[in-house]
Amino acid sequence: MLPAVKIVVDVAVFRLKKLEMANMFAAAAIMIALGLEWADMAVRFGFGVLLNLLAYLTNDYFDVDQDLESPNKDHAKTRYLKEH
């Protein structure tokens, strides 16, 4: 797997497990309640997911050195992010 794809997938899975990207489910519920068309919802949902991933990846990138020093972080994934 390409390193960039692996990093993005790992970030998405980690953030979803911690419910940090749960706002996407709320956004989807609002779009359904507003009765938006499926194509419009797909574009908006996809944009929201990409925006969330960009924000979390940026955060992880800038915190990589601090995460390597922390005993509570997954050092293998953090080292992989730093190396790639």
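## Terms and basis

A residue is called buried when its relative accessible area is under 20%, exposed when that area is over 50%, and partly exposed in between, with a 1.4 Å probe and protein chains only. By that rule Arg-15 is buried, with a relative accessible area of 7%.

This is a predicted model, in which local features need pLDDT of at least 70 and side-chain atom pairs count only at pLDDT 80 or more, whereas totals for chains, interfaces and linings use all residues. Residues are numbered from 1 along each chain as its sequence is written, and side-chain values use heavy atoms, with hydrogens and water left out.

## The largest pocket

The largest pocket has a volume of about 460 Å³. A pocket here is an open set of points on a 1 Å grid over the protein atoms alone, where a 1.4 Å probe fits, with protein on both sides within 12 Å along at least five of seven lines; its lining residues have an atom within 4 Å of a point. Grid points are joined across faces, edges and corners, and the volume is the space filled by probe spheres set on the points.

The lining comprises 18 residues, and Phe-14, Asp-60, Asp-67, Lys-77 and Thr-78 lie nearest the centre of the pocket. At least two lining residues come from each of helix H1 (3-17), helix H3 (38-62), helix H4 (64-69) and helix H5 (75-83), helices being DSSP runs (H or I, at least four residues) numbered from the N terminus. H1 gives the most, with five residues.

Asp-67 belongs to helix H4 and is buried, at a relative accessible area of 16%. Between Asp-67 and Arg-79, which are twelve residues apart in sequence, the C-alpha to C-alpha distance is 9.3 Å.

## Surface and loop

Leu-2, Val-5, Val-9 and Val-13 make a nonpolar surface patch of about 320 Å². Such a patch joins nonpolar side chains (Val, Leu, Ile, Met, Phe, Trp, Tyr) within 5 Å, taken from residues with over 30% relative accessible area and no salt bridge; the areas come from the Shrake-Rupley method with a 1.4 Å probe. Val-5, whose place is in helix H1, is partly exposed at 40%.

Leu-19 is found in the loop between H1 and helix H2 (23-34). This residue is exposed, at 62% relative accessibility, and its phi is near 60 degrees, a positive value in a residue other than glycine.

## Salt bridges

Side chains of opposite charge can pair when their charged atoms come close. With a salt bridge defined as a side-chain nitrogen of Lys or Arg within 4 Å of a carboxyl oxygen of Asp or Glu, the count comes to five. Glu-20, which is partly exposed at 26%, meets Arg-15 at 2.4 Å, N to O, and also meets Lys-18 at 3.3 Å, N to O; Lys-18 is partly exposed at 47%.

Within helix H3, Asp-40 and Arg-44 lie four residues apart, about one turn of the helix, and form a salt bridge whose closest N and O atoms are 3.0 Å apart. Asp-40 is partly exposed at 30%, as is Arg-44 at 49%. Elsewhere, salt bridges that share partners join Arg-15, Lys-18, Glu-20 and Asp-60 into one network.

Terms used
Patch = residues over 30% accessible without salt bridge, like charges linked within 9 Å, V, L, I, M, F, W, Y side chains within 5 Å.
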